[in-house]
Amino acid sequence: MKLERILQNQGFGSRRQCRQWVELGEVRVNGEVVDDPGAEIDTTGLVFEVEGHSWTYREKTYVALHKPAGYECSHEPKHHRSVYSLLPQQLVVRNVQSVGRLDQDTTGLLLFSDDGAFIHNLSSPKKHVPKVYRAELAEPGTDALVQRLLDGVDLIDEPQPVPALHARLLAEKTLEMSIDLGKYHVVKRMIAAAGNHVEQLHRSGFGGLNLGEGPLSGLSEGQWVYLEEADLQLLHSAARKA
Ligand code: URA
């Protein structure tokens, strides 16, 4: 593929801008400066540098972010900053989108990609991908609350009661639960329907990937990582199993 095209589809700007990067000698391929924008480059395993920063060529890109509170999952946020401001500009230019959304005050694991099939696969209600949440409750949790969530609660826009896949108290006012539904405010509404109130919500797991484990260990709030093949396999099998 021509070098200028590689830079363009990896998110480095317009064709003209990408040409300029190359002609200015700012682009290295496998360690060597290449100043011909039309140079044909093999993209297999390609590592290139732009202004001294190293990038791996990725046909599609997959990212996990540890979302802090106070960020909206929107390109045009209304009241808070955008989660996209936490990602490098190249990824935003590549038009990565979040897989579902988290409320602005919810923290935790949020995935992004520019692969439409991947996003659809993981967010389709038909795939029942499990997500794990930790809720800080306004009132002490009880066994009855846990049981109500496991039995299923009525939500206004759902024809059937919605059950948690699992639910347990981690502390007096801390509840962990998992669900496979991805609806607006669903966890907060489920807990309200079961007679309590969520004061703070955190998503710790999505389809077998968990913050604090494997590729996501040490990922603190506001940080992101690329997901690699093994992580994608885990997510695919979570979607398939459902
Ligand atoms: N359920 C909620 O209520 N909020 C979220 O951010 C995610 C799930």
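## Cavity, pockets and ligand site

At least three residues of the lining of the largest cavity come from each of domain 1 (3-56) and domain 2 (62-125 + 208-241). The model described here is predicted. Its count of cavities of 30 Å³ or more comes to 1. Lining the largest cavity are Gln10, Trp55, Thr56, Arg58, Thr61, Gln90, Leu91, Arg94 and Tyr226. Two or more of the lining residues are given by each of strand 4 (53-56) and helix 3 (89-93).

The table sets out the volumes and the residue classes of the linings.

| Space | Volume | Lining by class |
|---|---|---|
| Largest cavity | about 50 Å³ | 3 nonpolar, 4 polar and 2 charged residues |
| Largest pocket | about 700 Å³ | 11 nonpolar, 8 polar and 10 charged residues |
| Second largest pocket | about 200 Å³ | 8 nonpolar, 2 polar and 2 charged residues |

### The largest pocket

The largest pocket lies between domain 2 (62-125 + 208-241) and domain 3 (131-206), because both domains give residues to its lining. That lining is made up of 29 residues, and Arg101, Leu102, Asp103, Tyr184 and His185 are the ones that lie nearest the centre of the pocket. Three elements, namely strand 10 (131-137), helix 6 (186-193) and strand 13 (198-206), each contribute at least two residues to the lining of this pocket.

### The ligand

Which residues are found around the ligand? They are Leu102, Asp103, Thr106, Tyr133, His185, Val186, Val187, Lys188 and Leu201. Among the residues nearest the centre of the largest pocket are Leu102, Asp103 and His185, and these three residues also belong to the surroundings of the ligand.

On its own the ligand has 240 Å² of accessible area, of which the protein covers 96%.

### The second largest pocket

The second largest pocket has a lining formed by Pro125, His128, Glu158, Pro159, Gln160, Pro161, Val162, Pro163, Leu165, Ile179, Asp180 and Leu181. By class, 8 of these residues are nonpolar, while 2 are polar and 2 are charged.

Terms used. Residues are numbered from 1 along each chain as its sequence is written. This is a predicted model: local features need pLDDT of at least 70, side-chain atom pairs count only at pLDDT 80 or more; totals for chains, interfaces and linings use all residues. Side-chain values use heavy atoms; hydrogens and water are left out. On a 1 Å grid over the protein atoms alone, a cavity is a set of points where a 1.4 Å probe fits but cannot get out, and a pocket is an open set with protein on both sides within 12 Å along at least five of seven lines; lining residues have an atom within 4 Å of a point. Grid points are joined across faces, edges and corners, and a volume is the space filled by probe spheres set on the points. Helices (H or I, at least four residues) and strands (E, at least two) are DSSP runs, numbered from the N terminus. Ala, Val, Leu, Ile, Met, Phe, Trp, Tyr, Cys and Pro count as nonpolar, Asp, Glu, Lys and Arg as charged, and the others, Gly among them, as polar. Domain bounds come from an automatic or database domain assignment. A residue is near a molecule or strand if one of its heavy atoms lies within 4 Å of it. Accessible areas come from the Shrake-Rupley method with a 1.4 Å probe; for residues, only the protein chains shown count as cover.
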